[in-house]
Structures are given as C-alpha cells and as structure tokens.
Amino acid sequence: MQIKLTSVMVQNQDHALHFYTTMLGFVKKEDISMGEFRWLTVSSPEGVEGVELLLEPMAFPPAQAFQKALFEAGIPATAFFTTNIEAEYQRLKGFGVTFRGEPKNVGPVIVVLFEDTCGNLINLVQPAV
C-alpha cells in the first residue's frame, strides 16, 4: 500500500495553482475539467516521484467550516519538508508569504507555520540534525 495522493482544501483553484507553483515551486501535474471544478494536482520536483497534492475545491459547506476552524485554531492542514528551513523561510518571505513566527527547534524537527493564501496553514518542517 502506498500514499500517492493527498489533498488540501482551497477556496479558489486558480489562486491555489498560482500560489503552489509560483511561490512554492511545485509543478502542475493534472488539470482535468470536472464541470464547475477541476481535478487539479501539483507535485514537488524535489519530492518522491508520483506523489501528488490535490488542490481540492471547497464546495461542501462542512468542509468550509472545518478549514476555517483549523485556520483559526492555528492547526496546519498539512506539512511540507525541507532540508534547509532557513533558506526556504527567507525565500518565501521574499515572495511576501505570511509566517506565524520564525523557524523554531522543537526537538527532532525545526518548524515554522505559514499561510498558503488559500485558507490553510502549512507546517514547514526540517528534521533536526
């Protein structure tokens, strides 16, 4: 059994695609029209081959409430890993990405939380050396 696809809920797929590709450096993999919404995935050129992130449209009201509750509670929707958190932090700050603090060593990892401009908090993680 493998994990090949995971998702984040987004308020606007076009906006999410721009953020995840332009700011984070992911690449668009699939973009299939499904009526009002799209099957829209991105992947990391630095990540495991074949693993995709679905930019899931939030048309379901309970999903909207869930996303808002997570965001307001400061709970990340997902986590992305890096080998150089300080460099990523500085690069993303240069793009105007909003962070909730600075990278912090919390034992086995160094973490910092940022806003994806799509309604989610993302935990940026680097394993501590």
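The legends below describe close-up views of one predicted model. Residues are numbered from 1 along each chain as its sequence is written, and side-chain values use heavy atoms, with hydrogens and water left out. Because the model is predicted, local features need pLDDT of at least 70 and side-chain atom pairs count only at pLDDT 80 or more, while totals for chains, interfaces and linings use all residues.

**View 1. The open sheet S1-S4-S3-S2 is built from four strands with mixed pairing.** Helices (H or I, at least four residues) and strands (E, at least two) are DSSP runs, numbered from the N terminus. Two strands pair if DSSP finds at least two bridges between them. Strand S1 (5-10) and strand S2 (27-34) are the edge strands, and each pairs on one side only. On average, neighbouring strands of this sheet are turned by 25° against each other, direction ignored. Helix H1 (residues 13-23) packs on the sheet and touches S1, S2, S3 and S4. The direction of H1 makes about 5° with that of S3. Such angles run from 0 to 180 degrees between N-to-C directions, and axes are lines fitted to C-alpha atoms, for helices over the stretch in contact. Contact means heavy atoms within 4.5 Å.

**View 2. Strand pairs within this sheet run in both senses.** Strands of a sheet pair through backbone hydrogen bonds, either parallel or antiparallel. S1 and S4 run parallel and are joined by six bridges; Val10 has Pro57 in S4 as its bridge partner. The hairpin formed by S2 and S3 has two residues between the strands, and Gly35 in the turn has a positive phi of about 85°. S3 and S4 are also antiparallel, over two bridges, with Leu54 in S4 as the bridge partner of Thr41.

**View 3. Ser43 is a buried residue of the sheet strand S3.** The relative accessible area of Ser43 is 10%. Buried means under 20% relative accessible area, exposed over 50%, and partly exposed in between (1.4 Å probe, protein chains only). Leaving aside neighbours within four places in sequence, Ser43 is in contact with Phe26, Val27, Lys29, Val51 and Glu52.

**View 4. Phe19 in helix H1 has Thr117 among its contacts.** Phe19 counts as buried because its relative accessibility is 2%. Apart from neighbours within four places in sequence, Phe19 is in contact with Leu24, Val97, Phe114, Glu115, Asp116 and Thr117. Thr117 lies in the loop between strand S7 (109-115) and strand S8 (121-127). At 45% relative accessibility, Thr117 is partly exposed. Most residues other than glycine have a negative phi. The phi of Thr117 is near 65°, a positive value.

**View 5. A second open sheet has the strand order S5-S8-S7-S6 and mixed pairing.** The edge strands S5 and S6 (104-105) each pair on one side only. H3 packs on this sheet, touching S7 and S8, and its direction makes about 150° with that of S8. S5 and S8 run parallel and are joined by four bridges. In S8, Leu124 is the bridge partner of Phe80.

**View 6. The largest pocket holds about 650 Å³ of space.** A pocket is an open set of points on a 1 Å grid over the protein atoms alone, with protein on both sides within 12 Å along at least five of seven lines; a cavity is a set of points where a 1.4 Å probe fits but cannot get out. Lining residues have an atom within 4 Å of a point. Grid points are joined across faces, edges and corners, and a volume is the space filled by probe spheres set on the points. The pocket is lined by 25 residues, and Phe26, Ser44, Gly47, Phe80 and Phe81 lie nearest its centre. Strand S3 (37-43), strand S4 (52-57), strand S5 (78-81) and helix H3 (85-94) each supply at least two lining residues; S5 gives the most, with four. The lining divides into 13 nonpolar, eight polar and four charged residues. Ala, Val, Leu, Ile, Met, Phe, Trp, Tyr, Cys and Pro count as nonpolar, Asp, Glu, Lys and Arg as charged, and the others, Gly among them, as polar.

**View 7. The structure holds one cavity of 30 Å³ or more.** The lining consists of Gln67, Leu70, Phe71, Ile75, Ala77, Gly119, Asn120 and Leu121. Helix H2 (residues 61-73) gives the largest share, three residues. Five of the lining residues are nonpolar, three are polar and none is charged.
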